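Trainee: I would like to go through a protein model step by step. Please show it to me before we start.

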Amino acid sequence: MKKIILLATVALMSTSVFAQNWKVNKAHSHFTFTITHLAVSDVDGVFKDFDATIVSSKPDFSDAVFSFTAQTASLTTGVDARDNHLKSPDFFDVAKNPTITFTSTSIKPTSAGHYSLTGNVTLNGTTKPVTLDLWYRGTITNPMSKAPDAGFQVTGTIKRSDFNFGSKFGSPMLSDEVAIKAVGEFDKVN
């Protein structure tokens, strides 16, 4: 019995000992969205202020847990009037909902370096599960810092209607589907 308890303790400790933490390098990362306007034109936007972390114990990140937070007030589409409208209660309502968050709940391989990443998105005060495509682009030794850096790209689509987001502006004025893309370089922090 003592051996079983000792083995269980060692197994639990080894899992936590080998977990690696990674933090997004904001200077080499971005989070964008694209929505279709009047069914004929795409409008792109970017969140300038965001943070993301990864915890993983496997070098291929096949057990990774991703966490992401974007500050809604940091969004820009390059047009001040549109940005101000997007920040209003008609859309992001930044005073009431200052962040968008994503926390992964599962990761499943789909092919070499590619995964199906499922997690919970909180947008406009509503939390819903979404599944995104994750591409692990590899890990290298940064020539400047001499530390490991890992690269990822996440793409997918969410529906505005799932989050009661911008409900006054239906299709074809604005598409229900919004494409998202996040590209991140992550620095190992332990």
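What follows is a set of questions and answers on this structure.

Mentor: This is a predicted model, in which local features need pLDDT of at least 70, side-chain atom pairs count only at pLDDT 80 or more, and totals for chains, interfaces and linings use all residues. Residues are numbered from 1 along each chain as its sequence is written, and side-chain values use heavy atoms, with hydrogens and water left out.

Trainee: In what order do the elements of the protein run from the N terminus on?

Mentor: Helices (H or I, at least four residues) and strands (E, at least two) are DSSP runs, numbered from the N terminus. The protein has two helices and 11 strands. Their order is α-β-β-β-β-β-β-α-β-β-β-β-β.

Trainee: What percentage of the 190 residues of the protein count as buried?

Mentor: A residue is buried under 20% relative accessible area, exposed over 50%, and partly exposed in between (1.4 Å probe, protein chains only). For the 190 residues of the protein, the buried share is 35%.

Trainee: Among contacts between residues at least 6 apart in sequence, what percentage join residues at least 24 apart?

Mentor: Contact means heavy atoms within 4.5 Å. With that cut-off, and counting pairs at least 6 apart in sequence, the share that joins residues at least 24 apart is 54%.

Trainee: Is alanine 52 buried or exposed?

Mentor: Alanine 52 belongs to strand 4, residues 50–56. Not counting residues up to four places away in sequence, alanine 52 touches Trp22, Lys23, Val24, Ser67, Phe68 and Phe186. Its relative accessible area is 8%, so alanine 52 is buried.

Trainee: How far apart in space are alanine 52 and serine 67, C-alpha to C-alpha?

Mentor: In sequence, alanine 52 and serine 67 are 15 residues apart. In space, their C-alpha atoms are separated by 5.5 Å.

Trainee: Which kind of aromatic pair do phenylalanine 31 and phenylalanine 68 form?

Mentor: Rings of Phe, Tyr and Trp (its six-membered ring) pair if their centres lie within 6.5 Å; planes under 30 degrees apart count as stacked, over 60 as edge-to-face and the rest as tilted. The structure holds 14 aromatic pairs. In this one the ring centres are 4.7 Å apart and the planes are at 70°, so the pair is edge-to-face.

Trainee: How many residues apart are phenylalanine 31 and phenylalanine 68?

Mentor: Phenylalanine 31 is in strand 2, while phenylalanine 68 is in strand 5 (residues 65–71). Phenylalanine 31 is buried at 9% relative accessibility, and phenylalanine 68 is buried at 15%. The pair links distant parts of the chain, and the separation is 37 residues.

Trainee: What is the angle between the planes of phenylalanine 61 and phenylalanine 152?

Mentor: The two rings form an edge-to-face pair, 5.0 Å centre to centre, and the angle is 90°.

Trainee: How many residues apart in sequence are the parts that this pair ties together?

Mentor: Phenylalanine 61 is buried at 2% relative accessibility, and phenylalanine 152 is buried at 2% as well. Phenylalanine 61 lies in the loop between strand 4 and strand 5 and phenylalanine 152 in strand 10 (residues 148–159), so the parts tied together are apart by 91 residues.

Trainee: Which residue has its backbone oxygen 2.9 Å from a polar atom of the side chain of threonine 72?

Mentor: Threonine 72 sits in the loop between strand 5 and strand 6 (75–76). At 1% relative accessibility, threonine 72 is buried. The backbone oxygen in question belongs to asparagine 97.

Trainee: Is valine 189 buried or exposed?

Mentor: Valine 189 is in the segment after strand 11 (174–188). Leaving aside neighbours within four places in sequence, valine 189 contacts Asn21, Trp22 and Lys23. Its relative accessibility is 52%, so valine 189 is exposed.

Trainee: By what distance are the C-alpha atoms of valine 189 and glutamine 20 separated?

Mentor: Along the chain, valine 189 and glutamine 20 are 169 residues apart. Their C-alpha atoms are separated by 7.6 Å.

Trainee: What is the phi of leucine 38, which is not a glycine?

Mentor: Leucine 38 is in the loop between strand 2 (30–37) and strand 3 (41–47). Leucine 38 is partly exposed, at 44% relative accessibility. Its phi is positive, at about 55°.

Definitions and conventions. Polar contact = N/O pair within 3.5 Å; in protein donor to acceptor, adjacent residues only side chain to side chain.
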